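The following explanation is intended to be read beside the sequence and the model. Please keep both in view.

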Amino acid sequence: MHTLQTRFTSLLGIEHPVMQEGLGPYKTVHLAAAVSNAGGLGTVSIPGISEEPVAGAAKLRGYIEQACELTDRPFAVNVPVGTDKHGNVPPFSKAYVGAVVDAVKDPDIARRLRVITTSAGAASASRKLIDGSGLLHIHKVGGTRHALRAAADGVDMIIASGYEAGGHTHSRPVHTFVLGPSVADVVDCPVILAGGIRDGRGLAAALALGADAVALGTRFVASHDNPDWHGAYAQRIIDAGEADDIVFQALYGPSRALPSDAIAELAAIEAAGTMTETELTAFKDARLIAAQRDGDMVGGILPAGQISGAIVDLIHVAEFIPGIVLEAIKVLDRLSKLKTV
Ligand SMILES: Cc1cc2nc3c(=O)[nH]c(=O)nc-3n(C[C@H](O)[C@H](O)[C@H](O)COP(=O)(O)O)c2cc1C
């Protein structure tokens, strides 16, 4: 087997420097297990952010136990920890982080559930909840100063996610090619680069930019191994052309998605100001889940990255992960033979 060993693979004890990131707000248990079984790091996503916190935490525990039945390898759980306008971590985030920390008290789960990833906010509030649990803490950022702050907070690794990424993106756009080296320059911990990566060329480029691994979202949605979601979602990504994606105001600020009627509906509701913040959040959450679970491509909200315009097929994860690593090795080998004068 061909592998590329980096600080990411060493810390986790896995074969490949490739991660499937959180793809909430629904369920990615089978996809996460497929990625981990293929030697990467799969991520279980939360059941939704408008779940009642105790019920949501119980549901997430069920997802974690199901993932443990499907893989013996390390996997992660992602919890968005964006704060409300008063700077507080919402109750659902605390409940989900608590569920992850509680789950690893069971040694059989702790053997597999090795990582919690946090996103959409600052690492500091969740750090206190995670510290001492034995979990590795990976935090996602979209800017260099946020990376510095997460490193100072003591996270184990950082995902640097460029503006072209699917899902929540940043109000101050910094693209992957700029963000990767800037973050790698200022933090000592391993960096995982995300946003616009779909193959071994992207992996080789990320390593060249100073990253230790790559994290992919949209590419993994268009997969044979994501049976928790309706197949129409993957097909919509395949059908998308270059620059079809748009950025709209989502749960924690701007998010990149493929257009649907729901986005116009959302804009009209926000302009009319007829919903409370809680109602609006529930509306967005429901429409995201309608797309992922039920395949509603008209009334649903469809987060997807710019890379959806370049995706033309469904992948088999078991072949895809070693395949992109092999491709990256070939790219790096070819580049090492470039004539120097
Ligand atoms: C459908 C979809 C749902 C997402 N949901 C989440 C989420 O719940 N939490 C999170 O941190 N990021 C989420 N993201 C962002 C991904 O974790 C990842 O950062 C992004 O997809 C990487 O860029 P790429 O799509 O170009 O590969 C989502 C992305 C997509 C496409």
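This is a predicted model: local features need pLDDT of at least 70, side-chain atom pairs count only at pLDDT 80 or more; totals for chains, interfaces and linings use all residues.

Residues are numbered from 1 along each chain as its sequence is written, and side-chain values use heavy atoms, with hydrogens and water left out.

The protein chain is assigned domain 1 (7-232 + 310-336) and domain 2 (241-303); such bounds come from an automatic or database domain assignment. Between the C-alpha centres of domain 1 and domain 2 the distance is 22 Å. Domain 1 contributes 26 residues to the contact and domain 2 contributes 21 residues, contact meaning heavy atoms within 4.5 Å. About 1,900 Å² is buried between domain 1 and domain 2, with 61% of it on carbon and sulfur atoms; buried area is the accessible area (1.4 Å probe) that two parts lose on being put together, summed over both. On the side of domain 1 that touches domain 2 there are twelve nonpolar, eleven polar and three charged residues. Here Ala, Val, Leu, Ile, Met, Phe, Trp, Tyr, Cys and Pro count as nonpolar, Asp, Glu, Lys and Arg as charged, and the others, Gly among them, as polar. The number of salt bridges between domain 1 and domain 2 is zero, where a salt bridge is a side-chain nitrogen of Lys or Arg within 4 Å of a carboxyl oxygen of Asp or Glu.

Asp199 is found in the loop between strand 8 (191-194) and helix 9 (200-208). Helices (H or I, at least four residues) and strands (E, at least two) are DSSP runs, numbered from the N terminus. Asp199 is classed as buried because its relative accessibility is 13%; buried means under 20% relative accessible area, exposed over 50%, and partly exposed in between (1.4 Å probe, protein chains only). Apart from neighbours within four places in sequence, Asp199 contacts Ile324 and Glu327.

The structure as a whole contains 20 salt bridges. In one of them, Lys284 meets Glu270 at 3.3 Å, N to O. Lys284 belongs to helix 13 (residues 277-294) and Glu270 to helix 12 (residues 261-272), so this pair ties together parts 14 residues apart in sequence. Lys284 is buried, at 7% relative accessibility, whereas Glu270 is partly exposed, at 35%.
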